[in-house]
Amino acid sequence: PFDPDWWRGAVIYQIYPRSYQDSDGDGIGDLKGITARLDHIAGLGADAIWISPFFTSPMKDFGYDVSDYCDVDPMFGTLADFDALVGRAHDLGLRVMIDLVLSHTSDQHPWFRESRKDRTNPKADWYVWADPKPDGTAPNNWLSIFGGPAWQWDGRRRQYYLHNFLTSQPDLNFHCPDVQEALLDVARFWLDRRVDGFRLDTINFYIADRYLRDNPPLPPELRNDTIAPSVNPYNHQLHLFDKNQPENLEFLKKFRAVLNPYGAAAVGEVGDAQRGLEIMAQYTSGGDKVQMCYPFEMLQPARLTARLLSDTFARMTAEAPDAWPCWAYSNHDVVRHVTRWGLSDDAARAYTVLLMCLRGSVCLYQGEELGLPEADVAYEDLQDPYGIEFWPEFKGRDGCRTPMVWEADNRLGGFSVAERAWLPVAGAHLARAVSAQAGRTGSMLEHYRAALAFRHAHPMLRTGAMTLPKAAGDAVSFLRGDDGQVFCAFNLGEVPADMPLPEGKWHPIGAELGAVTPAGGALVLGPWQFCLMQRI
Ligand code: TEU
């Protein structure tokens, strides 16, 4: 059904296609595998899926290095398989979002092969090429996210090219109008194949300063000491000129104009540890750019405390009251949150309910609904180039990318019939497989199902207003709904918390989630307890 607002408050389930379900026994997941498992996602109560890249790719960054935007990599299947996936998803009431990696291509993309030939070919300006400084060094001080300078020397053109990630991921030059047009055509291609929206990879990296000015050093108060400086260049520079240039807003408006006739939506991933919320406000307010942004606030190593939650919402509201976030605790780039934050099952349950009560849309990452911890991947089994480079200080992203576990009594968890999977299935995950949890009262999977159903049953949790969260120690509370119809209170800690009850008459809801009921006019929340109430 045509509903241009479908994304608002939606729960989007992220699929990492290499690791969801292998249908042809090569040890790598594929599109047919995903199609076969869509019932699980519909049964969970999600509104949409986001599939990480499945396009033709040399797989140096596992699909985030695209060599053909308009085809499926043979490893994952065919365009016909994709059409079948979309058809089945729509039959189940699931919207389909795909992951467009527009900021850079693979160095094997025909556009880059042509562009690097010489300085006069028709695609000579399609990438960010620059002459060396007089002493032969790189044009400026910009750094790559995956370590080292963001510039790679090319002997043939005798120039440097910009790469924000691997050297095999050259950055497209969005100052070139033909590049913008070609990328809008990519979006049209997939919209015509009935996708409902896009996750836009590194949306704030599209446009770099046309004068290639040096970034200033990062002021100490903005440094994030939880990330080792060798591992993440965010600790060295204020990313003033290499990303998020004002011209990006013009491109996003063009992108939105492509989406509108289809009722499609986009969520932009904002990779900026310092100014993510500010950038989200720029990109999502006004209704003429992208609908949602995906900031990194809840993906940090530091646990989402009551204080961090209230600060985040206060900052976000100050930047733009109509900004629309898409929250996530876990994804294919970070340590799974249960491990990252050291959560017990009780704590994880409370965080799940909290996520379902927040204003914004939500992304869940495959396996999160099983309460999976990060997998231990031995050095010999590492696949992620980012991890191989920085081991052991940073172990890379493989520990959150191991295969999904479907069957507890199967060596590869029912993921594949192959001898080996591309990443090992974590032995410790098997006991948490879907087969071990489905239909079992009190399991994490059933808790997620109930939490999603709860959000659905109370539309004000999806689209209603939210008061600024009030934090007191580890406890936090807020009201949802335009008239504050729902009261939500959480104890995000181990120490019992006394909380003031809101004024007015209320009746408790969410018993099926384990919400507690105030007794004798007082609200005392034990460790990781929460209370949900509806105004009478
Ligand atoms: O990630 C963008 C991003 O900023 C990440 O580099 C993140 O900081 C890092 O992975 C943390 O470990 C996107 C994709 O999600 C990621 O998988 C890709 O490698 C990257 O873009 C390049 O396309």
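**Reasoning from the sheet to the helices**

Analyst: In this predicted model, an open sheet is formed by 5 strands, ordered β14-β15-β16-β20-β18, with antiparallel pairing.

User: What makes β14 and β18 the edge strands?

Analyst: Each of them, β14 (470-472) and β18 (506-509), pairs on one side only. On average, neighbouring strands of the sheet are turned by 20° against each other, direction ignored.

User: How do you know that β16 and β20 pair?

Analyst: Two strands pair if there are at least two bridges between them. Strand β16 (residues 486-491) and strand β20 (residues 530-535) have 5 bridges, in the antiparallel sense, so they meet that definition.

User: Which strands does helix α10 lie across?

Analyst: Helix α10 lies across β15, β16 and β20, and runs at about 150° to β16.

User: Why is α10 called roughly parallel to α13?

Analyst: The axes of α10 (residues 345-357) and α13 (residues 444-457) come within 9 Å and cross at roughly 20°. Angles under 35 degrees count as roughly parallel, and therefore α10 is roughly parallel to α13. Their crossing is right-handed.

User: Which residues make this contact?

Analyst: Among them are Asp345, Arg349 and Met356 of α10, together with His447, Tyr448 and Phe454 of α13. The residues of the contact divide into 7 nonpolar, 2 polar and 3 charged.

Notes
Residues numbered from 1 in each chain as written. Predicted model: local features only at pLDDT ≥ 70, side-chain atom pairs only at ≥ 80, totals over all residues. Axes fitted to C-alpha atoms, helices over the stretch in contact; angles between N-to-C directions. Helix = DSSP H or I, 4+ residues; strand = E, 2+ residues; numbered from the N terminus. Parallel < 35°, antiparallel > 145°, perpendicular 65-115°, else oblique. Left-handed = near helix turned anticlockwise from the far one by under 90°. Contact = placed C-beta atoms within 7 Å. Nonpolar A, V, L, I, M, F, W, Y, C, P; charged D, E, K, R; others polar.
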